[in-house]
Amino acid sequence: RGIIAEANKLVRGNRFKQAEKKYLAILKNDHNNVNAFIGLGNLYLERGEYQGAAETLKRVTQLDPTNEKAITSLGMALMQIKQYNEAVKIYEQAIALDSKIPHRYINLALAAEKSGNSKKQIHALACAVDLEPKNIGYLNALANAAIVAEDKSEAKKALESIVALEPANLDALRKLARLDQ
């Protein structure tokens, strides 16, 4: 535990090489040390080594499929290496562990958009809006995704919610007027 704390401190001090050596030393002696794998995976993320991060964090999810930190970080790494379908699965796994975190739905929506699944994107955004119905950013994202997907009903519902919250929102009013034509 002490060596992991030291390694984590080195990461916070941007001393990545030294931290990496510590994590690897731990893993050499304990091949299943989840905390060392998480630290190493996040270190790789921090350094922009996304493939290494993904491989390392996948190992954590094999050892502990309920580790929310590892799952969230793995999703970010997969997005960076453009493995969008895999990221969708990982974000769905995160949501299955805790469905009350709106940002998980936003991550899923982004991955779904990148993978070309507009139906899943819209559903994820709608879930985020259900959790935070007054979040203009979520409502805008939902409206825009629905407009692109030509889902007039969902777009209109989101835009009307925006206008109810911000009656002077000209962008939402214009989009609503276009939908009504």
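**Chatting through a helical model**

User: Where does serine 73 lie?

Analyst: Serine 73 lies in helix 5, which covers residues 68–80. Keep in mind that this is a predicted model.

User: Is serine 73 buried or exposed?

Analyst: Serine 73 counts as buried because its relative accessibility is 8%, and the cut-off for buried is under 20%.

User: What is serine 73 in contact with, leaving aside its neighbours within four places in sequence?

Analyst: With those set aside, serine 73 is in contact with Asn42, Leu45 and Leu57.

User: OK, new topic: the largest nonpolar core. Which residues touch the most other members?

Analyst: Those are Tyr23, Leu43, Leu142 and Leu159, out of 62 residues in that core. Helix 3, residues 34–47, gives the most to this core, with eight residues.

User: And leucine 43, what is in contact with that one beyond four places in sequence?

Analyst: For leucine 43, the list is Val11, Phe16, Ala19, Glu20 and Tyr23. Tyr23 is also one of the core residues that touch the most other members.

User: Let's move on to helix 10 and helix 11. What angle do they pack at?

Analyst: About 145°, with the axes 9 Å apart. Helix 10 is residues 152–165 and helix 11 is residues 170–180. Their crossing is left-handed.

User: Which residues meet there?

Analyst: From helix 10, they are Lys152, Ala155, Lys156, Leu159, Glu160, Ile162 and Val163. On the helix 11 side you have Ala172, Leu173, Lys175, Leu176, Leu179 and Asp180. The residues of this contact divide into eight nonpolar, five charged and no polar.

User: What about helix 8, how many residues has it?

Analyst: Helix 8 has 14 residues, numbered 118–131. From first C-alpha to last, helix 8 reaches 20 Å, close to the 20 Å expected.

User: Which residues of helix 8 are buried, and what do they pack against?

Analyst: The buried ones are Gln121, Ile122, Ala124, Leu125, Ala126, Cys127, Ala128 and Val129. They pack against helix 7 (102–114), helix 9 (136–148) and helix 10.

User: Last topic, backbone angles. Which phi does asparagine 14 have?

Analyst: A positive one of about 60°, although asparagine 14 is not a glycine. Asparagine 14 lies in the loop between helix 1 (2–12) and helix 2 (16–29), and is exposed, with a relative accessible area of 53%.

User: And lysine 82? Where does that one lie?

Analyst: Lysine 82 lies in the loop between helix 5 and helix 6 (84–97). Lysine 82 has a positive phi of about 60° and is not a glycine.

User: Why does lysine 82 count as exposed?

Analyst: Because its relative accessibility is 59%, and exposed means over 50%.

Conventions:
Residues numbered from 1 in each chain as written. Predicted model: local features only at pLDDT ≥ 70, side-chain atom pairs only at ≥ 80, totals over all residues. Heavy atoms only, no water. Core = buried A, V, L, I, M, F, W, Y, C linked by side-chain atoms within 4.5 Å. Buried < 20%, exposed > 50% of the residue type's maximum accessible area, 1.4 Å probe, protein only. Helix = DSSP H or I, 4+ residues; strand = E, 2+ residues; numbered from the N terminus. Contact = heavy atoms within 4.5 Å. Axes fitted to C-alpha atoms, helices over the stretch in contact; angles between N-to-C directions. Left-handed = near helix turned anticlockwise from the far one by under 90°. Nonpolar A, V, L, I, M, F, W, Y, C, P; charged D, E, K, R; others polar. Expected span 1.5 Å × (residues − 1).
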